[in-house]
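These are my notebook entries on a structure that I looked through feature by feature. I set down what I looked up and what I found.

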Amino acid sequence: MTLAVRYTSARTLDTAPAAASEPGPGEVELAPAYVGICGTDLHIFHGDMDARVAAPAVLGHEMAGRIVRVGPGVEGWRPGDAVTVMPLRWDGTCPACRAGQQHVCQHLDFIGIDSPGAMQQRWTVPASTLVRLPDTLPLDQAALVEPTAVAVHDVGRAAVKDGEKVVVVGGGPVGILIALVARAAGAEVRVAELNAHRRLLAEELGLSTWDPAATDITALVQRWTGEAGADVAFEVSGAAAGVETAVDVLGVRGRLCLVAIHPRPREINLHRFFWRELALVGARLYDRGDFERAVALVADGTIPAQRLITKIVPLTEAPAAFEALESGGDVMKILLDCTDDAQGAAV
């Protein structure tokens, strides 16, 4: 019998025994080593996604671990292989899939939301979701591949080019990763973030930051760009003020990439879109190429994953970890250690 963290109702998690499931045809059984807690997990924890998530539900989709068993018909994988999971299962028949956009399948199963996730000691998934990890990459750092793939996809959707000026509005984990990926693409980047701890961490990573509460971001961008405005803005804050800032900083034919999930419709200055011929693009999830690029960026240190991990706690301490992330403050990324040794140490 193994352990799993389950969402049971708003603001309630438990750690319960879970039977390992024999991998069927085309499936593999994994032993997750580390699982990250992300903003979507917090939304579920708050009860905001009860219409979609069937409790009790095992959460988690940011993970790294090793294969334990392979099911019939699985080729190219063996027990002991280090892997992460691209947690998407699509139907292959809807209009989006037929158009080659399987990652936004109209009947998408996002594993860890719509079906059981990685916050457990054994996890059975389709072999098609596996992404190989280098043996030299520590598994705790590899748990950040999934959010890095989000950032790679976002930067790609915005078509960031060498030498462009980019403003990232919101300096949480995904915002910082977007800034790092955009910098790796050759862009000049500024991060607008209210939280002092997040600004400090970004600056320690070599990023320039601005505090929206203390200064006029639009005026700063005008000075920085010689009154041209930014080429690209990423809205990662999820706040109405963040949307306004992201629109206002853009220059002629600038691109706004919407990354954050906004809980309600927002007002937007459409006159500015008309006047400056702005473009708005949405960015959701990732594809396999984004994942493979993310593995390379984490493995070569372009993404300093270790610096983004605030702490690692045993699986059994998941409720406290969720509450710590909810409180904000000095927390960036918390990982759950799913290994047997970690649970024993916590008892």
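**Entry 1. Basis**

I worked from a predicted model, in which local features need pLDDT of at least 70 and side-chain atom pairs count only at pLDDT 80 or more, while totals for chains, interfaces and linings use all residues. Residues are numbered from 1 along each chain as its sequence is written, and side-chain values use heavy atoms, with hydrogens and water left out.

**Entry 2. Salt bridges**

I began with charged pairs. Side chains of opposite charge can pair when their charged atoms come close. I took a salt bridge to be a side-chain nitrogen of Lys or Arg within 4 Å of a carboxyl oxygen of Asp or Glu. How many salt bridges does a search of the whole structure find? I noted 17.

I looked up R11 next and found a salt bridge to E326, with the closest N and O atoms 2.3 Å apart. This pair links distant parts of the chain, 315 residues apart: R11 is in the loop between β1 (2-9) and β2 (12-18), and E326 is in helix α12 (residues 318-327). I then checked accessibility, calling a residue buried under 20% relative accessible area, exposed over 50% and partly exposed in between (1.4 Å probe, protein chains only). R11 is partly exposed at 45%, and E326 is partly exposed at 30%.

I turned to R307, which forms a salt bridge with E204; the closest N and O atoms are 3.3 Å apart. R307 belongs to helix α11 (residues 305-308) and E204 to helix α6 (residues 196-204), so the bridge ties together parts 103 residues apart in sequence. I recorded R307 as partly exposed at 41% and E204 as partly exposed at 47%.

Are the partners D81 and R78 buried or exposed? I found that their side chains meet in a salt bridge at 3.9 Å, N to O. D81 counts as buried at 13% relative accessibility, whereas R78 counts as exposed at 59%.

I also noted a network of salt bridges that links E22, E29, R69 and R122.

**Entry 3. H61**

I located H61 in the loop between β4 (57-58) and β5 (62-70). H61 is buried, with a relative accessible area of 4%. Which residues does H61 touch, not counting residues up to four places away in sequence? I listed C38, T40, D41, V85, P87, F110, I111 and E146, where contact means heavy atoms within 4.5 Å.

**Entry 4. Helices α4 and α10**

I looked up how helix α4 (residues 145-157) and helix α10 (residues 288-299) pack, and found an angle of about 115° with the axes 8 Å apart. Axes here are lines fitted to C-alpha atoms, for helices over the stretch in contact, and angles run from 0 to 180 degrees between N-to-C directions. From α4 the contact uses V145, E146, T148, A149, V152 and H153, and from α10 it uses D290, F291, R293, A294, V295, L297 and V298. I sorted the residues of this contact into eight nonpolar, two polar and three charged. In this sorting, Ala, Val, Leu, Ile, Met, Phe, Trp, Tyr, Cys and Pro count as nonpolar, Asp, Glu, Lys and Arg as charged, and the others, Gly among them, as polar.

**Entry 5. Backbone**

I then went through the backbone. Most residues other than glycine have a negative phi, and most peptide bonds are trans. I found the peptide bond from A55 to P56 to be cis, with omega near -5°; P56 is in the loop between α1 (39-45) and β4.

I noted a positive phi, near 70°, at E227, in the loop between α7 (217-224) and β14 (230-235). E227 counts as exposed at 63% relative accessibility. L285 also has a positive phi, near 65°, and is placed in the loop between β16 (279-282) and α10. L285 is buried, with a relative accessible area of 14%.

**Entry 6. Sheet**

Two strands pair if DSSP finds at least two bridges between them. I noted two bridges between β1 and β4, in the antiparallel sense, and R6 stands opposite V58 in β4.

Methods:
Helix = DSSP H or I, 4+ residues; strand = E, 2+ residues; numbered from the N terminus.
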